[in-house]
Amino acid sequence: MEKLRDWFQAGEHRMLLWANRRPLNPRVSTWLGRWLGSITHMGGATFTLATALCLGLMGTYPWNIAGWQSLAAVAISHIPVFIAKRKFKRLRPYQALQNVNIGKRTLIDPSFPSGHTTAIFAWMLPLLYAESTLLPLLLPVAIILLISVGWSRMYLGLHYPSDVAAGAVIGSLTASLVSSLSWWSA
């Protein structure tokens with residue numbers, strides 16, 4: 001079992017360092033740093049909660065329902081995130097590994113799971129469920145945003161791939177559960 005854990009950990013560290021690397025081309029590196037340094041904030045509490053609340057209050061049907069569902073999903077999804085961070089107390093990559101590039105703002109709370117990734121998935125999925133006829137248009141944009149926020153957390157040296165994956169699962173499950181409740185449309 002220990003061999004399997006070591007193998008997984010070594011692979012995860014390689015994946016992290018790949019996602020965390022800086023491109024050799026200065027223009028690409030500058031563009032990527034700006035994109036990922038900015039998009040990461042879409043997974044923050046301020047953006048997800050504020051936009052969901054605005055949509056719930058000012059949106060028309062079905063977007064107002066999706067806004068309330070997003071708000072509830074983001075809030076509820078952070079209960080297991082809070083519990084897991086206190087239970088596992090995993091150091092962030094920049095604290096535990098050498099040669100990890102970091103962003104402008106470091107964090108000191110535990111790494112597992114990624115709260116930003118949890119929030120963006122919990123926020124986005126009710127919006128995708130809102131109007132099925134728009135799904136072909138919204139899905140490609142959603143995939144780019146979801147992947148970008150998750151990747152940004154590794155690019156900034158704040159999370160391991162398993163932190164991001166766990167956040168995506170928690171956010172997705174919570175959003176799916178909240179969106180499936182029938183009393184939202186009442």
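Residues are numbered from 1 along each chain as its sequence is written, and side-chain values use heavy atoms, leaving out hydrogens and water. In this predicted model, local features need pLDDT of at least 70 and side-chain atom pairs count only at pLDDT 80 or more, while totals for chains, interfaces and linings use all residues.

**View 1. The largest pocket and its lining.** Rolling a probe the size of a water molecule over the atoms shows where empty space is left. Here the largest pocket holds about 360 Å³ of space. (A pocket is an open set of points on a 1 Å grid over the protein atoms alone, where a 1.4 Å probe fits, with protein on both sides within 12 Å along at least five of seven lines; lining residues have an atom within 4 Å of a point. The volume is the space filled by probe spheres set on the points, which are joined across faces, edges and corners.) Of the 14 lining residues, G37, H41, K104, R105 and L156 lie nearest the centre. Helix 2 (residues 26-39) gives the largest share of the lining, 4 residues. (Helices are DSSP runs of H or I with at least four residues, numbered from the N terminus.)

**View 2. W31 and W35 in helix 2.** Look for two rings with centres 6.4 Å apart and planes at 0 degrees, so W31 and W35 are stacked. (Rings of Phe, Tyr and Trp, the last by its six-membered ring, pair if their centres lie within 6.5 Å; planes under 30 degrees apart count as stacked, over 60 as edge-to-face and the rest as tilted.) About one helical turn separates the two, because they are 4 residues apart in helix 2. W31 is exposed at 54% relative accessible area, whereas W35, at 29%, is partly exposed. (Buried means under 20%, exposed over 50% and partly exposed in between, with a 1.4 Å probe and protein chains only.)

**View 3. The surroundings of V100.** V100 is found in the loop between helix 5 and helix 6 and is buried, with a relative accessible area of 13%. Beyond its neighbours within four places in sequence, V100 is in contact (heavy atoms within 4.5 Å) with L16, L17, N20, P93, Y94 and G157.
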